[in-house]
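Hi everyone, thanks for coming. Let's look at it together.

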Amino acid sequence: LFISFLTSSYRNYSIGCDDYLGSDKVIDKCGICGGDNTACKVVSGVFKHTLTNLGYHKIVEIPEGATKINITEMSKSNNYLALRSRSGRSIINGNWAIDRPGRYEGGGTMFTYKRPNEISSTAGESFLADGPTNEVLDVYMIHQQPNPGIHYEYIIPGDNVISPQLLAHRRPGEPLNGQLGMPESTNQEDEDLHRETDTLTGQSAGAFPVIQPGRFPSHQPENQVPAVQPPRQNREHNWKQIGKTECTTTCGKGSQYPVFHCVNRITHEEVSESYCDSSTKPIPEEEACNLFPCPAFWDIGEWSECSKTCGLGMQHRQILCRQMYANRTLTVQQYRCHHLEKPETTSTCQLKICSEWQIRTEWTSCSVPCGVGQRTRDVKCVSNLGDIVDDEECNMKLRPNDIENCDMGPCAKSWFLTEWSDTCSAECGDGVRTRSVVCMTNHVSSLPLEGCGNNRPSETTPCNNGPCAGKVEWFAGGWTQCSTECGSGSQQREVICVRKTEGNFDVLNPYECSYLEKPPSQQSCYLKPCGSKWFHTEWSTCSKSCEGGFRVREVRCLSDDMTASTQCDPQLKPEEKEPCNTQDCIPEIDENCKDKYYNCNVVVQARLCVYTYYKTACCASCTRVANRQSGFLGRR
């Protein structure tokens with residue numbers, strides 16, 4: 001009972017990082033037992049250099065003894081991180097071979113290589129390791145596209161700092177911070193004694209130290225609970241190795257541990273572990289096993305992003321022949337994997353059904369009433385859910401036209417006329433006045449779409465400046481003005497046979513003057529170059545039959561060769577639009593539509609005209625108010 005009490009007493013105390021029972025010391029971020037985080041230095045930064053050449057570029061050097069190593073790409077890119085030792089040995093992504101994400105041993109520590117999912121993640125690659133490193137390591141970037149920035153951070157110890165590996169790797173009997181462990185044994189019996197029962201005087205990895213009488217330090221450490229020394233156990237039983245655990249791997253260098261059981265020293269029979277002192281139980285040490293290489297295998301990478309955002313596309317992945325040894329996966333020649341079927345490196349993919357073009361409206365009317373114009377329609381890109389999306393979501397090569405030319409046929413042609421000449425062709429008697437007439441295309445949309453036709457307007461009109469007087473002779477009137485005000489034209493004059501009397505001329509039969517040479521009645525004329533002048537069409541039909549409409553005509557300035565000109569005097573330009581039919585509209589009186597009651601105005605005020613009975617009984621009143629309302633809406 002006393003032994004059990006002592007055993008349970010010291011087992012209830014926690015063991016600190018200094019291996020003392022009841023100690024509350026812990027390892028700080030510098031890896032120092034009981035440290036205050038000041039014995040080390042945090043080194044961090046961001047590599048943001050702009051690189052131009054493709055290939056390996058050194059980023060940062062990780063010194064020997066570094067811990068808490070973190071190398072992280074700040075955003076996803078097509079670049080890769082690489083790691084190698086100062087001796088030139090590649091650890092991760094060396095010799096232009098990209099390793100799979102995983103754990104890789106190098107520099108005395110284990111690095112975790114992470115590469116987030118290529119499709120769903122925007123995070124970049126990273127190397128993480130707890131350290132400490134036992135040699136200088138170099139971090140590289142395999143540059144393929146602009147550098148997004150590489151964040152690096154690690155911790156290095158300061159001066160006069162106990163190595164953080166000391167506690168984990170010291171051997172029994174080695175000094176720890178000035179505390180001496182188990183003394184060297186002088187004979188085999190003492191060794192057995194220390195190994196089996198007297199662990200209070202020695203140290204082994206994982207056991208807490210107990211200071212022997214006479215070897216206490218001059219000052220007890222703070223917050224340290226003195227260990228209670230239990231009595232020696234009966235040496236009839238001790239710990240014995242009876243075998244080993246199963247190897248952690250079937251190939252490629254695994255690990256296993258020895259198994260210790262409590263046995264009788266004499267009969268070697270296994271007994272309950274309570275018969276042996278638990279504090280003397282040896283701590284199993286790792287042993288290598290199954291050192292032969294593992295069979296090669298195909299290492300399958302992640303699928304790349306689909307080549308198309310919708311519809312059928314392609315995606316690719318990297319397939320490498322790999323072989324594992326000593327917790328490290330190596331890339332080997334592909335012939336080593338010939339015993340295995342090689343997975344596909346390409347595959348079809350479809351993220352979603354593509355959007356498609358839809359014609360939402362019919363073609364609009366042509367933009368011109370005649371000739372060649374344009375017409376449009378509404379074309380939209382619609383998703384498979386029926387929503388209108390950006391045009392980029394659809395195949396632009398397959399987009400239907402939303403605008404096209406339209407031919408409405410030849411435009412209307414109208415007769416364009418000048419004003420009549422001011423002067424009559426004869427100074428007395430009958431003469432003519434002239435004007436110019438030309439058929440041209442008419443762009444006034446309200447005019448009928450038809451040709452000029454055969455009804456060419458007359459170019460002359462009769463005029464008379466009064467009777468003439470004379471004797472029997474051919475009387476030639478004065479030449480008319482030239483038929484054109486400019487350019488080549490003709491002049492006419494009246495030639496008659498007359499008898500001149502006192503103050504009068506009697507017109508005779510031309511026969512009476514036949515013996516006389518008749519003067520010419522027509523000649524050519526040319527006054528001057530024409531230049532430009534105004535031409536206009538006939539007036540169109542009035543837009544309304546009453547209460548004021550308008551009519552239009554087209555006016556053009558034309559040069560001598562009947563081409564458009566800008567040289568006409570604007571002040572002489574004829575009007576292109578004028579009012580017409582300004583008289584009031586007279587409503588037709590329907591004898592069958594009369595008011596049957598004297599107070600139909602009440603029906604109108606009560607707005608009962610919508611009902612058939614009142615509309616018939618007060619027909620005249622309801623009709624008047626309906627006409628006023630339609631007129632009001634028309635003016636609006």
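By the rule I'm using, there are three aromatic pairs; rings of Phe, Tyr and Trp (its six-membered ring) pair if their centres lie within 6.5 Å, and planes under 30 degrees apart count as stacked, over 60 as edge-to-face and the rest as tilted. One of them is Tyr56 with Tyr140: the centres are 6.5 Å apart and the planes sit at 75°, so this pair is edge-to-face. Tyr56 belongs to strand β2 and Tyr140 to strand β9, 84 residues apart, so the pair links distant parts of the chain. Strands here are DSSP runs (E, at least two residues), numbered from the N terminus.

Before I go on, this is a predicted model, where local features need pLDDT of at least 70, side-chain atom pairs count only at pLDDT 80 or more, and totals for chains, interfaces and linings use all residues. Residues are numbered from 1 along each chain as its sequence is written, and side-chain values use heavy atoms, leaving out hydrogens and water.

Is Tyr140 buried or exposed? With a relative accessible area of 13%, Tyr140 is buried, while Tyr56, at 29%, is partly exposed. Buried means under 20% relative accessible area, exposed over 50%, and partly exposed in between (1.4 Å probe, protein chains only).

Now to the sheet. Three strands form an open sheet in the order β15-β17-β18, with antiparallel pairing; two strands pair if DSSP finds at least two bridges between them. Its edge strands are β15 and β18. Four bridges join β17 to β18, and Gln323 has Leu330 in β18 as its bridge partner.
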